Amino acid sequence: MVKSLMIMLWLLMLMLGLTPALEARVQDLQINSFVDVQRAYMTDPEGFLPEVRKRFDQLSLSQQPQVWMWYLWFLMTYECDNSAVGISDQEAVLTQSVTEARRLNLLEEWVLLKQVQIYWKISFTKVDRKTAFQEYAELLPDLKTMGRKDLEIYILSEYAATLFMDNEIIKASETMIHVQEMLDSTTGLDPIYVVRFKSRRFFSFYYQDQWELARNAALEVIDLAKDLKLTYFEMIHLSNLGMAVAKSKKPEMLRESQQYYQEALRLAQYLDLKHDIVFMMSALVSVKTWLNEYDEAMKIGARTLEFLDRYGIKNAEAVTYAYTVMAAAEVGAGRFDVAREHAHIALGHHTEGGNTDLSEIERVLYLAYDGLGDKEKAYLHLRNYMTKFTQLSKEKESREYNKASVRMGLGLMREENAISRQKIKETERMRLVLTFLLVLSIAVMFLMARSVREKKLIRENRLKMQTILDNIDEAILTIDKDLTIESGYSAYLKRLFPMVQRFSRQDFMMTVMSRFQLSREDQSMIRESLKASLGEDTLAWDFNSHILPIELPYTNGTRQQYLALHWVPIENKSRIHKILLGIRDVTERKQLEQRIDTEQKLIERMPVVMAELFRAGPRHFSEVVAEADRLEQAFEICGHDPKEILRSLHSLKGVARAFGMRLLSSVCHELEDRILRSTADDPAIYSTFREALQAYHDVHQRFSKDGGPLAEVQGHSLHEIVQGVLPEIILRLKSHGIPLESLDIRDEVQDWCMGDVDLIRKTLVHCLNNSIDHGFIFPQQRGQNVGSVAIKIAAHYRAGQIEVCFQDNGAGLNLEHLRELAGKLKITAPVGQSVTDILFEDGVSTAERVTDTSGRGVGLSALRALVRDRGGHIEIMPVSEGHGTLVQLRIPQPQGALA
């Protein structure tokens, strides 16, 4: 009681202008840069407005164009934010200033004024939003040319916020992710641009209904605004925080929201922002109404209406919001006649695009007329409310679909798996909202059925509701205490169970649950759980609802489906008298999850499978495939005869073990055990074997195309040479967590002699070891970010010689370091040779420490000696500075070889 009196006393002081200032208002306006202008606006736009307008009038575009543009930005932003009348009078001035800033090469002023011009077009003209969005995109190349990441972050943040408001969720989310990456990689950024981005991040979470993330983002903005003394920005986000917290409608969250609104109200009064004062007081009325504190809500609402009259506030949004929440409080208190008048005032001031939803006004009018006993007008406003609510539900479903598309578009990224699961839950919650709407509509029809005079109207409403049920893609039905299906189910139920002729007044277990693959024991438990809950309180439901299935497989003809079941108890006088069941087809979601699991297993197995295939070679793998084909024939021809299948399986296991394919061998051994323990005619026991064999096929197919390392070759070839040295390299890469993306081998040499094969093998051993060490492992150990490995090896004839080229995509050669090393060792490269030739000198190495494969400076020296003995030449060179290395080997072509 004391707390309520203190609140009312504080509001009375606010109305009389007696509330003490929080601190001394800033009087000095110091403007030395565009950031100073933004800081002033985010601190106290109303307080600084007279001084800014005065200075702006004293300047001219021709005398001090830069400062003049700063003040113009302040004034135009203020007018846009406050929907000022006469904004069109400044359109020509704004257009002229944008053109002049571009001409004078004032790029910062040009970008920010251009942003205000786009904001104005979106807010106050009928320009196509896509055209405005295109203007945002056209700013980006200039920002990149300027090298101003702060401005690029600012413009992209504003762009993303506009996209969110226009329901362009996919593009907006991609933009916000890009801005976050830029922010993480940029240092020395002015805090003003940081706080602006974090503010837009709050809106991104808010428009995606991610309330907890929105709450945390708003708290972060408020802390930054306090540190930077941005009072106006702090007030705005206290209000935003109140909105986000109040979305749950939970009492504890509503009381927390009330605290945020009260703090925002104090700041709005301090800044003398009358429209914001009205909004905060109206928000407090709304929170008090949700808490069922109707008397306090009406007292605050009365002060709000008095405040509107005292200061002559005519803003349509402010008036609509104030009268709407006041009418809602009066309905809760049972003052239906006054509520009706106030709701009609709100309806008269309502404008499209305002903060107050028209459906809320229609809802209040319905409750007011229903309380006054005027059923005809009550139904009229109920119908308007249902129309608006259905429209909003469709728009929200559209936004949910866009959000799901964002997640799906990120593909196989691991973090998107978690987001996908979260969005699936959000979609299910949306289904529950629609279910609740259905229950509410049924309850309304039951109430209206009590009046004989309304029978015709009730029949019409039932027909409309049935139309909804006939067009919703979900089977919805209600189960009474006798476990029979009531009439009024959705048409989708017949589509799910086409073999059932009749559902109404039929036994639920026999008609629906018997269609699933459930044991008698499971069906009995479901029946007993439903019986134990119906007619009892919610505690019985809490004890028994966990027995009810939420997802079941279902065979519809020849098609295998998965159905999700949502059980919702319907209470009457604290007792459960019915159960609402929603059945939805989730087959596509299950298939997507299975594909993700299959691809994950393939990714996990790929390094092992790749190493085993390279050790076995393409010819040996062909033998394994032949044995696997014989086993598949045993599956089909022998009718799953265990003896014949075990003989074929044992042969395949022996071949796989002999060729070092341990994964396949162990899977075969496990399959033998399962066949001995189970029955051979169960197809499920072969799934693991087929998945493992498919993994080998997938890897072999990927690396055998277009001359890949697993391609079939005859005689001595470059492929066989590489296969002999590659397995160890793959194991080294795996131990350091570095993936091998590609290995491209091009062999145009028709006939390799044995001497050349040995030389090429030794050369490739050195090249591969040096490439992996210096191009990837050593940079990774120094903390550099290395990608996947891509290697190209080619051999061809050129001018009577065999030329072998080895190229990678590693860290490359540091030429400056090589020159320093040559000077330190007093080595001078001969005329016409590159500094990279010192790498072939004895004792020269760029490795920081000695390892098993690098660091002693003897490998390349020995290799050059072997090449020279063969009459050949070898050289090493960078592909580009800091990226990639190329090694070229030339040896004489054997006499008689085919060119």
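This is a predicted model: local features need pLDDT of at least 70, side-chain atom pairs count only at pLDDT 80 or more; totals for chains, interfaces and linings use all residues.

Let's begin with a single side chain, F74. You'll find F74 in helix α4, which covers residues 65-81. So, is F74 buried or exposed? Its relative accessibility is 1%, and our cut-off for buried is under 20%, so F74 counts as buried. Who does F74 touch, then, if we skip residues up to four places away in sequence? The list is V37, A40, Y41, P45, F48, L49 and V52.

Next, a pair of helices. Have a look at α15, residues 294-310, and α16, residues 316-332. Their axes come within 9 Å and cross at roughly 150 degrees. Anything over 145 goes down as roughly antiparallel, and that is therefore how α15 and α16 sit relative to each other. The crossing of these two, α15 and α16, is left-handed. On the α15 side, the contact is made by Y294, A297, M298, G301, A302, T304, L305 and L308. From α16 you get V319, A322, Y323, M326, A329, E330 and G332. Sorted by class, the contact of α15 with α16 comes out at 11 nonpolar, 3 polar and 1 charged residues.

Last stop, the sheet. We have 4 strands here in an open sheet, ordered β1-β4-β3-β2, with antiparallel pairing. The edges are β1, at 475-479, and β2, at 551-556, and each of those pairs on one side only. On average, neighbouring strands in this sheet are turned by 30 degrees against each other, ignoring direction.

Let me zoom in on β1. Its pairing with β4, residues 575-585, is antiparallel and runs over 5 bridges. For example, I476 has G582 of β4 as its bridge partner, and A475 stands opposite I583 in β4.

Now, how many residues of β1 are buried? It's 5 of the 5, so β1 is largely enclosed by the rest of the structure. Both faces are covered: A475, L477 and I479 are buried on one side, and I476 and T478 are buried on the other.

That's my tour, happy to take questions.

Note on methods. Residues are numbered from 1 along each chain as its sequence is written. Side-chain values use heavy atoms; hydrogens and water are left out. Two strands pair if DSSP finds at least two bridges between them. Axes are lines fitted to C-alpha atoms, for helices over the stretch in contact, and angles run from 0 to 180 degrees between N-to-C directions. Angles under 35 degrees count as roughly parallel, over 145 as roughly antiparallel, 65 to 115 as roughly perpendicular and the rest as oblique. A crossing is left-handed if the near helix is turned anticlockwise from the far one by less than a right angle, and right-handed if clockwise. Contact means heavy atoms within 4.5 Å. Ala, Val, Leu, Ile, Met, Phe, Trp, Tyr, Cys and Pro count as nonpolar, Asp, Glu, Lys and Arg as charged, and the others, Gly among them, as polar. Buried means under 20% relative accessible area, exposed over 50%, partly exposed in between (1.4 Å probe, protein chains only).
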